[in-house]
Amino acid sequence: MKTRLLPLTLVCCVAFAGSLLAAASDGKATDKKAAPAKTPADNAYDEFNRERGSKAAKDQAQFKKVIAAAMAYLAEYPTHSRVNEVVSNLASYGNGIDSKQPALRTSYLSNLKLEVTNLRYKEGVSNNTKAALAAVDAAVADFEVRAAFNRENLGNVREKIDVLAEAPGGGRFLADRERSYVAILTVGASPALAEKHLNTLLQHKEKGVASMARTELNLLELKKQPFALAFTGFDGKPVDLAQLRGKVVALYFWSSTSKTSLGNFETLKRLHADYRKKGFEVVTVSYDKAEDREALAAAIKQNKIAWPVYYDGKGAKNDFSPKLNVTSVPALLVFDQGGILQHSMQGSYLTVNLPVSQLEGQVKRLLKIK
């Protein structure tokens, strides 16, 4: 009797196991999170970028398409997370117009200003949209003063920012606009004026503006004297940036857990090999935590990193990174032969965090290599 029941028992067990595997498989399938569906605001943002990035000729017809897509977005979704990007990119679209055709640039800006005015006075327009349009006005003035720096244009951009500050809902645009204004003062007028304005902004009622001002002032302080950093490297050897005076130094922030930061090492090695004898050095800072020490050692070996590596196991919370405003990796800062932190222009702003792809240009500029 027991012998006869055995095959049936096995069949039942196999069937039951199969159902469990199927259920587990189904469970795994349902555990995978599908990409979130795009919202209408996301689609409107994408439409603007499609028109802005179109390969079509930059002429009157294309200007109208770009502006129409932007106005549709600002009218319906003025509080969307990407609205600041649209404001800045809409105003700076003129940068992509052939500089040998100034009439086309003027035409684009004239069309943009007209459509901003038309939408602003359209019936039923919300305060949030009006604030976004005021931000566009300020961004256009920003573009114009960069194209032709003079007292009148500088006064115009200041006036537009002040109008934006008074607009209900305008606060979310102010940090970007003020930061760009500071960059204009630094490059076009004087760093002293920029610093004076930043100190004023420390008391701004918008916390985002005050925070931006503190960040920028930190960096200005680092422009006044050589950056000091001395440590014992991961390999036990002493390192002192003061000993590297006379050389251009790239300070690279990375971690063994960041694939993106690891991916930059080949480029850094190539540039170091090309310019080392001309006065270029690399020092690195690891943001690995204490528990990642073994992974860091493996990454150094695997990537054949022969440069100094700062490591204290604190990640981004070491003693000097907050002063440099480096909170994540990868990050790349460049110091000139005197140990002074360098700024570079990224879009409308001055920044110290340089993309690795732009390092060679900075190195050649500082070493005066043509």
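User: Where does Lys304 lie?

Analyst: This is a predicted model. In it, Lys304 is in the loop between helix 13 (293-302) and strand 5 (309-310). Its phi is positive, about 55°, although Lys304 is not a glycine.

User: Is Lys304 buried or exposed?

Analyst: Lys304 is exposed, because its relative accessible area is 68% and the cut-off for exposed is over 50%.

User: What about Asn325, what is its phi near?

Analyst: Phi of Asn325 is near 60°, again a positive value in a residue other than glycine. Asn325 sits in the loop between helix 14 and strand 6. At 26% relative accessibility, Asn325 counts as partly exposed.

User: Which peptide bond is cis?

Analyst: The one from Val329 to Pro330, with omega near 0°. Pro330 is in the loop between helix 14 (321-324) and strand 6 (331-335), and Asn325 also has its place in the loop between these two elements.

User: Why point these out?

Analyst: Because most residues other than glycine have a negative phi, and most peptide bonds are trans.

User: Ok, packing. Which residues touch the most other members of the largest nonpolar core?

Analyst: Met71, Leu74, Leu90, Tyr108 and Leu112, out of the 55 residues in that core. Helix 6 (residues 127-147) supplies the largest share of this core, with 12 residues.

User: Take Leu90. What is it in contact with, leaving aside neighbours within four places in sequence?

Analyst: Leu90 is in contact with Phe48, Val66, Ile67, Ala70, Met71, Tyr108, Leu112 and Val136. Of these contacts, Met71, Tyr108 and Leu112 are also among the core residues that touch the most other members.

User: What lies apart from that core?

Analyst: Another core, of 25 residues, including Ala250, Tyr252, Val282 and Val309.

User: Moving to helix 15. Is Leu366 buried or exposed?

Analyst: Leu366, found in helix 15, counts as buried because its relative accessibility is 8% and the cut-off for buried is under 20%. Not counting residues up to four places away in sequence, Leu366 touches Val248, Val334, Asp336, Gln337 and Gln342.

User: How many Å apart in space are Leu366 and Tyr108?

Analyst: Leu366 and Tyr108 are 37 Å apart, C-alpha to C-alpha, and 258 residues apart in sequence.

User: And Gln362, what does it touch?

Analyst: Leaving out residues up to four places away in sequence, Gln362 touches Gln342, His343, Ser344 and Leu354. Gln342 is also touched by Leu366. Gln362 is in helix 15 (residues 359-366) and counts as buried, at 9% relative accessibility.

User: Now the whole chain. How many helices and strands does the protein have?

Analyst: There are 15 helices and eight strands. Of the 370 residues, 42% count as buried.

User: What is the radius of gyration?

Analyst: The protein has 27 Å, whereas a compact globule of 370 residues would have a value near 21 Å. Along the principal axes, the C-alpha atoms fill a box of roughly 105 × 65 × 45 Å.

User: What share of the contacts between residues at least 6 apart in sequence joins residues at least 24 apart?

Analyst: That share is 64%.

Terms used. Residues are numbered from 1 along each chain as its sequence is written. This is a predicted model: local features need pLDDT of at least 70, side-chain atom pairs count only at pLDDT 80 or more; totals for chains, interfaces and linings use all residues. Side-chain values use heavy atoms; hydrogens and water are left out. Helices (H or I, at least four residues) and strands (E, at least two) are DSSP runs, numbered from the N terminus. The radius of gyration is taken over C-alpha atoms; the globule rule is 2.2 Å times the number of residues to the power 0.38. Buried means under 20% relative accessible area, exposed over 50%, partly exposed in between (1.4 Å probe, protein chains only). Contact means heavy atoms within 4.5 Å. A nonpolar core is a set of buried Ala, Val, Leu, Ile, Met, Phe, Trp, Tyr and Cys residues joined through side-chain atoms within 4.5 Å.
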